[in-house]
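I open these notes with the sequence and the model side by side. The entries follow the order in which I looked things up.

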Amino acid sequence: MINALIIDDEPINIINLQRLLEQHCPGVRVTGTANGAADGITAIQQLRPDLVFLDIQLPDKNGFELLKELPSADFALIFVTAFDQYGIQAVKFAAMDYLLKPVDTEELKTAVEKASSVIAKKKQSQQMQYLVEILHQGQQKDEHRIALPSLKETRFVYTKDIVRCESSNSYTHFYIKDGEKITVAVSIYEYEEMLAPYGFVRCHQSHLVNKKFVRSMVKESGGYLLMEDGVQVPVSRARRDELKKGLV
């Protein structure tokens, strides 16, 4: 049985989430709730939950500020939020789970299944530390890393060192400048928005490139990008004009 804590400033949201957990996640037992960051910190320290559902927008502090104040975090974490663009980006960079309100039943079940695996393997503490690191860094883009969860481990890679990304069905292959290839079971569409602020452009349905590694744009053979490592990346006709602007 997984002991869970819900931190949310709206009582109705807590009630709804509890009801969904009771109906669809019988392996989760809600042992406490809190309606703000201060109460949440106290509840975490007293109850020592296995899993915390944390609202990003809280009245006294936001969910990220709450995490910064914890001396340690040995629990699995699922963020719950109505909408917070920077917050969602930070969560995605750390490869952590989040649920958008109103909570979808199937998404909740998937998130809880992942959390169960995390709890069993105790793998999320490093991701939590990295999330706090992202929040401290703010907009220092050269220092940003992204968490890439492969089958055996979660790798933390600087965005500036990623040469390109290539899609293969529901997988994405990351090619790093030292020649390493990292494969994650996440669609390339998830990374397009995340990496756009860091100089990445979409040149094809299956390809996302870091423009600082683009040597030239070649017109022959239907058009392709020649990368610094000699790799030829195709350019779709629909994206050609937009890509020219994006590479400047």
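**Strand pairing and cysteines**

I began with β13 and strand β14 (residues 224–227), which run antiparallel and are joined by 4 bridges. I count two strands as paired if DSSP finds at least two bridges between them. Helices (H or I, at least four residues) and strands (E, at least two) are DSSP runs, numbered from the N terminus. The model is predicted, so I kept to its limits: local features need pLDDT of at least 70, side-chain atom pairs count only at pLDDT 80 or more, and totals for chains, interfaces and linings use all residues. Residues are numbered from 1 along each chain as its sequence is written, and side-chain values use heavy atoms, with hydrogens and water left out.

Next I took the whole sheet. It is open, with 3 strands in the order β13-β14-β15 and antiparallel pairing. β13 (214–218) and β15 (232–234) stand at the edges with a single partner strand each, so one side of each has no neighbour in the sheet. From one strand to the next the twist averages 25°. Helix α8 (residues 240–247) packs on this sheet and touches β13 and β14; the direction of α8 makes about 150° with that of β13. Contact here means heavy atoms within 4.5 Å. Axes are lines fitted to C-alpha atoms, for helices over the stretch in contact, and angles run from 0 to 180 degrees between N-to-C directions.

I then moved to the hairpin of β9 and β10, which has 4 residues between its strands. In its turn, Gly179 has a positive phi of about 100°. Strand β9 (residues 171–176) pairs with β10 in the antiparallel sense over 4 bridges. Thr172 has Val184 in β10 as its bridge partner. In strand β10 (residues 181–184), Ile182 and Val184 make up a covered face, while Lys181 and Thr183 make up an uncovered one.

I looked up Ser167 in strand β8 (residues 162–168). Ser167 is buried, with a relative accessible area of 18%. Buried means under 20% relative accessible area, exposed over 50%, and partly exposed in between (1.4 Å probe, protein chains only). Leaving aside neighbours within four places in sequence, Ser167 is in contact with Ile188 and Ser206.

Last, how many disulfides does the structure hold? I found 0 disulfides, taking a disulfide as a pair of cysteine sulfur atoms within 2.5 Å. Cys165 is buried at 0% relative accessible area, and Cys203 is buried at 0%.
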